Amino acid sequence: NDYPTRDGTGERDYIHVVDLADGHVKALDYLDSGKSSIACNLGTGTGSTVLEVLDATTRVSGREVPHIFSPRRAGDPAVVFADPSFAETTLGWKARYGLDEIIETAWAWHSTHIDGYR
């Protein structure tokens, strides 16, 4: 919890699995139209810290998430998030879901599909 971020925890770009799948379909459509292979980032373009993910999970689930702060891993960057602008202009793709929706849908799925979460 000593990263130079807004709350001291690592910041990452979390993407909903539905957005990721949609990006792959758009990439396949792009290739199917006869265009050359490309590489592009799929992400929201917005970072969320570890504590923000834990707070969102607590809000959605109504349960505190136990956690322990540990030392950083060597070489681990403080902030990493995607620049999805190329995917938007080239593939017509843009993430539709933010962190709250990611946690809400994940919690809903786990609550109905995994024993012990009911």
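Visitor: Which residue lies over the face of Tyr3?

Guide: This is a predicted model, in which local features need pLDDT of at least 70, side-chain atom pairs count only at pLDDT 80 or more, and totals for chains, interfaces and linings use all residues. Residues are numbered from 1 along each chain as its sequence is written, and side-chain values use heavy atoms, with hydrogens and water left out. A charge sits over a ring if NZ of Lys or CZ of Arg is within 6 Å of the ring centre and within 35 degrees of the ring normal. At 4.5 Å from the ring centre of Tyr3, the residue over its face is Arg72.

Visitor: What is the order of the strands in the open sheet?

Guide: Strands are DSSP runs (E, at least two residues), just as helices are runs of H or I with at least four, and both are numbered from the N terminus; two strands pair if DSSP finds at least two bridges between them. Strand 2 (48–49) and strand 3 (79–80) are the edge strands, each pairing on one side only. The pairing is mixed, and the order is 2-1-3.

Visitor: Within what arc do the buried residues of helix 4 fall?

Guide: Buried means under 20% relative accessible area, with a 1.4 Å probe and protein chains only, and in helix 4 (residues 99–113) the buried residues are Leu99, Ile102, Ile103 and Ser111. They line one face of the helix, because the directions from the helix axis to the C-beta atoms fall within an arc of 150°.

Methods:
The expected span of a helix is 1.5 Å times one less than its number of residues. Buried means under 20% relative accessible area, exposed over 50%, partly exposed in between (1.4 Å probe, protein chains only).
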